[in-house]
Amino acid sequence: MTAVLIVALLTGAILFGIGVYGALSQTNLVMIMMGVELMLAGAMVNLVAFWRFLHPESYSGQMFVLVVMTVMAVEMAVGFGVAIARFRAIGSVEMEEAEDLKG
Amino acid sequence: MTVAIVLLTLFGSAWLLAVIEGWTVTGRLQPAAPLLSGLAHLGRESIVPRSPDRVFFEAAPVLLLVVAVLGAAVLPLAPDLVIADLGTGALFINAALAYVLVALIMAGWGPNGAYAMIGGWRFLGQLIAYSMLIVMPITAVAMRAESLVNTAIVGSQADLWNIVYQPLGFVLFYIAAMALAFRSPFDLPTAEGELAGGVDAEYTGVRLAVLRLARLTLVVTLAAATTVFYLGGWHGPLLPPWAWSLIKTLAVAVSMLLAGGYLPRIREADLMRWCWTLGIPLALLNIVIVGLLILVVP
Amino acid sequence: MGAQAFFLAVFGLAAIGFGVAVFRTSSMVRSALALLFSQTAVGCMFLVMQTEFLGVLQIMMMATEMSIMAIFMVMFMMDPGGLGGMDMTHQKRFSIGAGVVAAGAAIAVALLADWGPVTVQAPAAAMQTRELGHELLGRSMLIFETAGVTILTAMIAATAVAIPVQRLADNGDKEVSE
């Protein structure tokens, strides 16, 4: 019975770990955003598993998933806007060349 | 059994559409022409471009066909003739048809050719234009039916078809469906005279046969969706329900085919501008009007 | 239960496999489309867990979002085809360590905590959509409205940031910086 829950939670955990690796190791803004998307996907898997297997009567769980999906879309939109502005300014979106944004 | 009937109807309609398309182009009615040309494609040499992205190159036509069939799987031909009457059927069609974009990006990037690549990325711009115009009329339709289940949506049109109830939504959905099926005047990805075939350009042999079949099946799926959402599905006086579904689907598909023949191809920038500055406010207006009608009219 | 666990494992492995492929391949479009199929696998996991609306929504949204990510990668990356074979990573050991620690902590919590009784039956799909709608527009109306305003703000902000800056040149004509 709890095996199904454990499978879902393990998947969410591993997706989150891969996302953390991607977000920290990549130098390009777009690739970092991909890592963040993987992290959010892992979180969503956990949320849905908790809703389905532990509390299917309370729909706040599904509400939370909708909010996380909204956050994914919004973060991508603003991130790409910033990437366009940066690319226009210095010609690349590499984070290693972004020292001037620090502090 | 239901699966076999629906799939047979789907591919039979695609074949009929190919025959009619051949009729409008050549002026001769040749029922065997699509089958013979399909077999001829299988016999032709299958050229693979130099250093393609092999995974994308192979997967794109298959994905397009799978998408078209999946979209048709949730559309009912008759009250009991539907492969999978999902609880969120109206939304599932949209989800399946979103992968047309993925298939065309693969078909554009895979062959490692300039024309194909331009065609593929053009379709992304087209998606930005039509995607809101597809979803918002579906929202208005689901509002009237108070359900996302496709059979319930058809059931809600028993006394008045949605094309009369929400004509604005029908026009927007029809235009967006033509843009999704990249049918002229929206055939930017496969611009015949301009991009030398665009995403179709680098495909030969069996893959081209699958791609052509997938395009026709996509048009039939979209025509079936228009029938279910706006034309009352299987409702009609004398004939059995499945016959009415079939007639309406074919009528819509043929009209989509013919409408393109008389209009020039629309430019990408114009398409996006018109859809965003005119189309989306009209779609929102449609939702407001339908909401008021539902609340006010008993 | 057995079938559900099996399909969940299959789609979970697919999601993880595609997720790993995102960072291992050097072709940018392959990376973006691998992320797309990873998210689709996550959507299929939602469908297996019988949350039909969320699953269909995830599948639909991610197809569009990741394709847009693909074109942005082609625009901005130095080597979109991936044939140059450059290594575009930094602080590799630290990030692998951080990833392992994060996944390990989550796995430890998942395995060691006592989750209590697991519900076997889920509500029907149409019922779920209806209840979700009631929840969205009833109890969580404030969240819904805030999300709407946030999306609008994000749209305006992204557009404002992405529009090229217009400067007045010496002779008074507006020139656009490229």
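Predicted model: local features only at pLDDT ≥ 70, side-chain atom pairs only at ≥ 80, totals over all residues.
What radius of gyration does chain C have, and what would a compact globule of 178 residues have?

Figure 1. Chain C has a radius of gyration of 22 Å, while a compact globule of 178 residues would have one near 16 Å. The C-alpha trace of chain C spans about 75 × 45 × 25 Å along its principal axes. Six helices and two strands are present in chain C. Along the sequence, these elements follow the pattern α-α-α-α-α-α-β-β. Of the 178 residues in chain C, 37% are buried. Among contacts in chain C with a separation of 6 or more, 52% join residues 24 or more positions apart.

**Figure 2. The two domains of chain C.** Domain 1 of chain C covers residues 1-82, and domain 2 of chain C covers residues 124-178. The centres of these domains, taken over C-alpha atoms, are separated by 24 Å.

**Figure 3. Chain A, built from three helices.** Chain A has zero strands, and its pattern along the sequence is α-α-α. The C-alpha atoms of chain A fill a box of roughly 55 × 25 × 20 Å along the principal axes. The radius of gyration of chain A is 17 Å, whereas a compact globule of 103 residues would have one near 13 Å. Buried residues account for 56% of the 103 residues in chain A. Of the contacts in chain A between residues at least 6 apart in sequence, 56% link residues at least 24 apart.

**Figure 4. The contact between chain A and chain C.** On one side are 60 residues of chain A, and on the other are 69 residues of chain C. Helices α1 (2-25), α2 (29-54) and α3 (60-90) of chain A each supply at least two residues of the side of chain A that touches chain C. The largest share of that side comes from α1(A), with 21 residues. Two pairs of chains are in contact, and of these, chains A and C share the most contacts.

**Figure 5. The contact between chain C and chain B.** On the side of chain C that touches chain B, α2 (28-48), α3 (52-76) and α5 (125-137) of chain C each supply at least two residues. Helix α3(C) gives the most to this side, with 10 residues. Chain B does not touch chain A; the nearest C-alpha atoms of chains A and B are 13 Å apart.

**Figure 6. Two crossing helices of chain B, α3 (residues 54-73) and α9 (residues 206-230).** The axes of α3(B) and α9(B) come within 8 Å and cross at roughly 25°. Angles under 35 degrees count as roughly parallel, and α3(B) and α9(B) are therefore roughly parallel to each other. Their crossing is left-handed. On the α3(B) side, the residues making the contact include Pro61(B), Val62(B), Leu64(B), Leu65(B) and Ala68(B). On the α9(B) side, they include Arg207(B), Val210(B), Leu211(B), Leu213(B), Ala214(B) and Thr217(B).

Definitions and conventions:
Residues numbered from 1 in each chain as written. Chains lettered and ligands numbered in written order. Domains from an automatic or database assignment. Helix = DSSP H or I, 4+ residues; strand = E, 2+ residues; numbered from the N terminus. Rg over C-alpha atoms; globule rule 2.2 N^0.38 Å. Buried ≥ 20, exposed ≤ 12 C-beta atoms within 10 Å, placed from the backbone. Contact = placed C-beta atoms within 7 Å. Axes fitted to C-alpha atoms, helices over the stretch in contact; angles between N-to-C directions. Parallel < 35°, antiparallel > 145°, perpendicular 65-115°, else oblique. Left-handed = near helix turned anticlockwise from the far one by under 90°.
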